[in-house]
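Reader: I have just opened a new structure and would like to learn how to read it. Could you take me through it one feature at a time?

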Amino acid sequence: MQWMNVFTITKKKLLVCCLVFFFAGKLLAFGISQPDSSLNKLIVVDAGHGGIDDGTSSNQVKEKEINLKVAKYLTDYLSKGSLKVVMTRKDDSLYQNNRRKDIIQRAKMANQRNADLFISIHVNSFPGTSSFGGQSFYTPECEESKQLAGFIQEELINIQPENYRQIKPGPFYVLQHTEMPAVLVEVGFLSNPQDFQRLTNEEELKRIAKAIETGVINYLNEKLEQQSTKNEVPASSLDSNNQKLEPTLDPPRP
């Protein structure tokens with residue numbers, strides 16, 4: 001009987017150990033480690049234009065195609081962690097084949113899903129060829145959107161150091177009618193020869209998407225640290241307990 005009691009206690013200890021290792025493994029597997037309340041973040045990635053709406057174009061290269069490629073790469077990067085990502089479009093389509101209805105639907109979709117962030121991808125153009133560089137626009141008079149745009153812009157400049165552009169408030173429908181922090185990213189100018197080369201190169205499009213993802217992750221980490229400080233939890237404990245989001249690794253080059 002005494003031997004059986006010892007065996008029972010050992011089984012309980014073993015069960016406890018297994019549970020500890022299981023939940024620890026789950027946290028590490030997320031790739032982004034953060035408090036449970038942060039694991040349900042939903043990000044809407046919006047590939048601008050589509051269908052009958054080409055957006056801008058140059059040398060038969062259409063903005064809508066570049067937008068969709070960057071949006072897909074961005075969605076792929078963000079989805080590898082514990083973030084949930086939804087795209088407003090996954091193919092060359094427009095809601096009810098109507099520009100006005102489509103732009104209303106994009107904002108409505110994000111609001112109905114109670115998204116935490118909204119990222120819209122676009123390509124710029126300007127008369128002449130001198131204008132270049134990616135630029136982030138934020139919801140006017142929204143501090144959270146401004147902060148998000150700042151983090152993304154910093155990363156866009158990191159991959160294009162000559163880029164002098166700064167964040168600006170944008171009078172765009174999807175920014176003014178979404179109920180969460182929202183940013184519209186113009187990833188470059190098709191009208192500029194150097195940007196044109198970047199925007200028609202798949203590896204460069206991946207770099208751009210990766211820069212946007214890193215900016216989003218840095219923003220979320222900043223919010224996480226601010227919340228931790230507010231709750232009187234030392235920020236340093238986030239590092240020691242793996243409580244931070246981490247950008248995904250770049251895919252291997254072919």
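Predicted model: local features only at pLDDT ≥ 70, side-chain atom pairs only at ≥ 80, totals over all residues.

Reader: How many helices and strands does the protein chain have?

Author: Helices (H or I, at least four residues) and strands (E, at least two) are DSSP runs, numbered from the N terminus. Here the protein chain has eight helices and eight strands.

Reader: What share of the residues is buried?

Author: Buried means under 20% relative accessible area, exposed means over 50%, and partly exposed is in between, with a 1.4 Å probe and protein chains only. Of the 254 residues in the protein chain, 46% are buried. The accessible surface of the chain (Shrake-Rupley method, 1.4 Å probe) comes to about 13800 Å², and 54% of that belongs to carbon and sulfur atoms.

Reader: What do the contacts say about the chain?

Author: Contact means heavy atoms within 4.5 Å. Among contacts with a separation of 6 or more, 78% are between residues 24 or more positions apart.

Reader: Could we try that on single residues? What does Ala 209 touch?

Author: Ala 209 lies in helix H7, residues 202-230, and is buried, with a relative accessible area of 0%. Leaving aside neighbours within four places in sequence, Ala 209 is in contact with Val 70, Tyr 73, Leu 74 and Tyr 77. Val 70 is 139 residues from Ala 209 in sequence, yet their C-alpha atoms are 5.5 Å apart in space.

Reader: And where does Glu 63 lie?

Author: Glu 63 is in helix H2, residues 63-79, and counts as buried at 3% relative accessibility. Not counting residues up to four places away in sequence, Glu 63 touches His 49, Asp 54, Gly 55, Thr 56, His 122, Val 123 and Leu 190. For Glu 63 and His 49, 14 residues apart along the chain, the C-alpha separation is 7.8 Å.

Reader: Where is His 49?

Author: His 49 sits in the loop between strand S1 (42-47) and strand S2 (57-58). Look at its backbone too: phi of His 49 is near 65°, a positive value in a residue other than glycine. Gln 96 is not a glycine either, and has a positive phi of about 55°; you will find Gln 96 in the loop between strand S4 (84-87) and helix H3 (99-112).

Reader: Is Asp 116 buried or partly exposed?

Author: Asp 116 counts as partly exposed, at 26% relative accessibility, and is placed in the loop between H3 and S5. Beyond four places in sequence, its contacts are Asn 40, Lys 41, Leu 42, Met 180 and Pro 181. Lys 41 and Asp 116 are 75 residues apart in sequence, with their C-alpha atoms 6.0 Å apart.

Reader: Now the rings. How many aromatic pairs does the structure hold?

Author: A pair of aromatic rings is described by the distance of the centres and the angle of the planes. Rings of Phe, Tyr and Trp (its six-membered ring) pair if their centres lie within 6.5 Å; planes under 30 degrees apart count as stacked, over 60 as edge-to-face and the rest as tilted. The structure holds three aromatic pairs. In one of them, Phe 132 and Tyr 164 have ring centres 5.5 Å apart and planes at 80°, so the pair is edge-to-face. The pair links distant parts of the chain, 32 residues apart: Phe 132 is in the loop between strand S5 (117-124) and strand S6 (135-138), and Tyr 164 in the loop between helix H4 (143-159) and strand S7 (168-169).

Reader: How do Phe 137 and Phe 172 pair?

Author: They form an edge-to-face pair, 5.5 Å centre to centre with 85° between the planes. Phe 137 lies in strand S6 and Phe 172 in the loop between S7 and helix H5 (173-176), so the pair ties together parts 35 residues apart in sequence. Phe 137 is buried at 11% relative accessible area, whereas Phe 172 is partly exposed at 27%.

Reader: Last one: which residues line the largest cavity?

Author: Rolling a probe the size of a water molecule over the atoms shows where empty space is left. On a 1 Å grid over the protein atoms alone, a cavity is a set of points where a 1.4 Å probe fits but cannot get out, and lining residues have an atom within 4 Å of a point. Grid points are joined across faces, edges and corners, and a volume is the space filled by probe spheres set on the points. The structure holds one cavity of 30 Å³ or more, and the largest cavity has a volume of about 30 Å³. Its lining is made up of Gly 134, Leu 156, Ile 159, Gln 160, Asn 163, Val 187, Arg 198 and Ile 208.

Note on methods. Residues numbered from 1 in each chain as written. Heavy atoms only, no water. 1 Å grid on protein atoms, 1.4 Å probe; cavity = no way out; pocket = protein on both sides within 12 Å on 5 of 7 lines; lining within 4 Å.
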